[in-house]
Amino acid sequence: MDHAAEANRTDLMTITRFVLNEQSRHPESRGDFTILLSNIVLGCKFVCTAVNKAGLAKLIGLAGETNVQGEEQKKLDVLSNDVFVKALISSGRTCILVSEEDEQATFVEPSKRGRYAVVFDPLDGSSNIDCGVSIGTIFGIYMVKDSIEPTLDEVLQPGKNMVAAGYCMYGSSCTFVLSTGAGVNGFTLDPSLGEFILTHPDIKIPKKGKIYSVNEGNAKNWDGPTAKYVERCKFPKDGSSPKSLRYIGSMVADVHRTLLYGGIFLYPADKKSPNGKLRVLYEVFPMSFLMEQAGGQAFTGKQRALDLVPKDIHERSPIFLGSYEDVEEVKALYAAEDKK
Ligand SMILES: O=P(O)(O)OC[C@H]1O[C@](O)(COP(=O)(O)O)[C@@H](O)[C@@H]1O
Ligand SMILES: [Mg+2]
Ligand SMILES: [Mg+2]
């Protein structure tokens with residue numbers, strides 16, 4: 001090994017050491033968050049392994065096929081949900097779980113209860129599974145007061161009250177992006193070590209970007225400001241170059257690219273879906289939290305996304321998030337519409 005590689009080795013920071021370092025800055029901390037997070041990371045590693053085998057489903061019997069033992073196997077999104085529910089409950093640090101896959105919230109039994117409420121989308125972008133395109137897991141964490149008997153009100157809170165949010169992207173590499181409210185950091189799984197290593201410290205989104213990301217197939221149903229904004233991306237009035245369009249159709253992957261390269265991701269309301277498509281608690285909030293922590297913005301078309309107060313655990317909202325200046329432009333168009 002050469003000297004540069006040797007030096008890099010000594011800089012290796014695993015996600016566990018990173019969170020332990022953060023914990024030591026809070027002397028009152030009991031280490032509960034570190035334990036919770038290590039179980040979330042474990043869940044992600046498990047799902048990552050299953051996703052990597054998805055293409056072999058017909059051979060080994062994942063994803064609704066029958067395996068060599070003749071046992072019926074679970075679909076990947078159901079399996080991912082089971083993995084996360086088990087990982088979260090067995091951490092002993094959760095009291096309420098809200099998953100995209102479960103109609104009702106799960107209240108953890110008192111003997112296994114802790115002080116965190118976790119909202120999550122166990123497998124995001126599931127329509128992309130069969131073609132091997134990047135998918136992911138999204139999560140957000142609220143802290144619940146020790147003394148109270150948890151109710152749904154603990155999760156029907158504005159996103160700005162989350163204590164942490166993140167996602168794991170199962171792509172060409174497996175990437176875990178986390179914010180505990182003090183910036184955003186990205187970790188990449190080294191499959192040979194089975195460890196997430198800090199590879200993207202203190203991520204900051206560029207102030208303005210060159211990419212817009214939206215399902216343009218819905219354009220005929222868009223409202224005026226969204227249509228005008230996308231038109232401006234393609235035909236800028238200020239003489240600048242048009243933006244490029246990139247759309248994967250997995251929120252995790254589209255937001256990850258936006259975070260690293262800058263630009264804007266939008267899933268607006270339209271005439272057919274007046275509340276948009278994406279779910280407030282486990283899609284809109286965690287991604288908005290990360291965007292703000294990275295110096296970007298997240299807007300619903302009416303307000304700052306993180307100020308929304310959801311009334312239902314599966315509520316939806318339109319969302320525009322990304323580079324500060326790009327979202328600012330969308331906000332100006334909606335403000336102008338409101339004045340009409
Ligand atoms: O296919 P559309 O309408 O463009 O929707 C894409 C969006 O739907 C989602 O796939 C919904 O997520 P799920 O796979 O978790 O249901 C987002 O990841 C993505 O941004
Ligand atoms: Mg999703
Ligand atoms: Mg999902």
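**A sheet and its surroundings**

Guide: Let's start with an open sheet of five strands, which run in the order β10-β9-β11-β13-β12 with mixed pairing. At its edges are β10 (244–245) and β12 (297–299), each of which pairs on one side only. Strands here are DSSP runs of E with at least two residues, while helices are runs of H or I with at least four, and both are numbered from the N terminus. Two strands count as paired if DSSP finds at least two bridges between them.

Before we go further, please keep in mind that this is a predicted model: local features need a pLDDT of at least 70, side-chain atom pairs count only at pLDDT 80 or more, and totals for chains, interfaces and linings use all residues. Residues are numbered from 1 along each chain as its sequence is written, while chains are lettered from A and ligands numbered from 1 in the order in which they are written. The pLDDT is the predictor's confidence in each residue, from 0 to 100. The protein averages 90 on this scale, and 91% of the residues score at least 70. Residues 66–73 fall below 50, and this stretch has twelve contacts in the model beyond near neighbours in sequence. A contact means that the C-beta atoms of two residues, placed from the backbone, lie within 7 Å. The model scores are ipTM 0.98 and pTM 0.93.

Strand β11 (residues 264–267) and strand β13 (residues 319–322) pair in the antiparallel sense over four bridges, and the bridge partner of Leu266 in β13 is Phe320. β12 and β13 also pair in the antiparallel sense, over three bridges, with Ala298 opposite Leu321 of β13. Both faces of β13 are covered: Ile319 and Leu321 on one side, and Phe320 and Gly322 on the other, are all buried. Buried means that 20 or more other C-beta atoms lie within 10 Å of the residue's own; 12 or fewer makes it exposed, anything in between partly exposed, and the C-beta atoms are placed from the backbone.

Now for the rest of the protein. The domain assignment gives domain 1 (3–200) and domain 2 (211–339), and 25 Å separate their centres, taken over C-alpha atoms. Their contact takes 35 residues from domain 1 and 27 residues from domain 2. On the domain 1 side, the elements giving two or more residues are β3 (116–124), β4 (135–143), β5 (164–170) and β6 (174–179). The largest share, five residues, comes from β4. By class, this side of domain 1 has 18 nonpolar, 13 polar and four charged residues. Ala, Val, Leu, Ile, Met, Phe, Trp, Tyr, Cys and Pro count as nonpolar, Asp, Glu, Lys and Arg as charged, and the others, Gly among them, as polar. The domain bounds come from an automatic or database domain assignment.

Another open sheet has eight strands in the order β2-β1-β3-β4-β5-β6-β7-β8, again with mixed pairing. Its edges are β2 (106–107) and β8 (195–200), each with a single partner strand, so one side of each is left without a neighbour in the sheet. In this sheet, β4 and β5 pair in the antiparallel sense over seven bridges, and Tyr170 in β5 is the bridge partner of Ile135. Tyr170 has a bridge partner in β6 as well, Cys174. β5 and β6 pair in the antiparallel sense over six bridges, and a hairpin of three residues joins β5 to β6. Further along, Gly166 stands opposite Leu178 in β6. Seven of the seven residues of β5 are buried.

In the loop between β8 and β9 (211–213) you will find Asp202. Its phi is near 45°, a positive value in a residue other than glycine. Asp202 is exposed, with 12 other C-beta atoms within 10 Å.

Finally, look at ligand 1. Both domain 1 (3–200) and domain 2 (211–339) give residues to the shell around ligand 1, so the ligand lies between them. Among the residues surrounding ligand 1 are Glu100, Asp121, Asn215, Tyr267 and Lys277. A residue is near a molecule or strand if its C-beta atom, placed from the backbone, lies within 6 Å of it. The shell has two nonpolar, six polar and four charged residues.
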